[in-house]
Structures are given as C-alpha cells and as structure tokens.
Amino acid sequence: MPTYSYGCEGCGKTFSLKMTVAEHDKKKVKCPKCDSRKTRQQLGLFGVKTSKKS
Ligand SMILES: [Zn+2]
C-alpha cells in the first residue's frame, strides 16, 4: 500500500497517509490537526533532489 504525503494549506502541517490507490482516488483528505480539507498532495518528497556528482 503506497504512502501519500500531504501538506495542509490551513495550518501548514505535513502528514502522510497509507491508503490504496482506489481509496486515494475517492478520498477527501482532511488535515488531522485542524480538520481542513485544504490539503495538497506532496509528490516526490524523499530522495528526489539528490543529484550529487561524485
Ligand atoms: Zn491543518
């Protein structure tokens, strides 16, 4: 099951949720902190900008 990362535009909290792809398509994600639905999915947070040359 993939993990999706979100950021809340209301309070700025970032959080991640595990859900199936089907759930992700349907689900309205709410912020666990302030209950806002103004959440934004964050893609590729981990390890994307590691373009080191050695
Ligand atoms: Zn929030």
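Start with Cys-8: at 6% relative accessibility this residue counts as buried, where buried means under 20% relative accessible area, exposed over 50% and partly exposed in between, using a 1.4 Å probe and protein chains only. Cys-31 is buried too, with a relative accessible area of 1%. Before going further, a word on what you're looking at: this is a predicted model, in which local features need pLDDT of at least 70, side-chain atom pairs count only at pLDDT 80 or more, and totals for chains, interfaces and linings use all residues. Residues are numbered from 1 along each chain as its sequence is written, and side-chain values use heavy atoms, with hydrogens and water left out.

Helices (H or I, at least four residues) and strands (E, at least two) are DSSP runs, numbered from the N terminus.

As for cysteines bonded to each other, the count is 0 disulfides, a disulfide being a pair of cysteine sulfur atoms within 2.5 Å.

Now for the charged side chains. The whole structure has 2 salt bridges, each a side-chain nitrogen of Lys or Arg within 4 Å of a carboxyl oxygen of Asp or Glu. In one of them, the side chains of Arg-40 and Glu-9 meet at 3.4 Å, N to O. This pair links distant parts of the chain: Arg-40 is in strand S3 (residues 39-42), while Glu-9 is in the loop between strand S1 (3-8) and strand S2 (14-18), 31 residues apart. Arg-40 is partly exposed at 49% relative accessible area, and Glu-9 is partly exposed at 47%.

Lys-30 and Asp-35 also form a salt bridge, with their closest N and O atoms 3.7 Å apart. Lys-30 is partly exposed, its relative accessible area being 38%. Asp-35 lies in the loop between H1 and S3, and its backbone is worth a look: phi is positive, about 70°, although the residue is not a glycine. Most residues other than glycine have a negative phi.

Next, Thr-39 in strand S3. Its side chain reaches the backbone oxygen of Val-29 at 2.9 Å. Leaving aside neighbours within four places in sequence, Thr-39 is in contact (heavy atoms within 4.5 Å) with Tyr-6, Gly-7, Cys-8, Phe-15, Val-29, Lys-30 and Cys-31.

Finally, Leu-17 is found in strand S2 and is partly exposed, at 29% relative accessible area. Beyond its neighbours within four places in sequence, Leu-17 is in contact with Pro-2, Thr-3, Tyr-4, Tyr-6 and Val-29. Leu-17 and Ser-5 are 12 residues apart in sequence and 6.4 Å apart in space, C-alpha to C-alpha.

How values were computed
A polar contact is a pair of N or O atoms within 3.5 Å; within protein, one must be able to donate a hydrogen and the other to accept it, and residues adjacent in sequence count only if both atoms are side-chain atoms.
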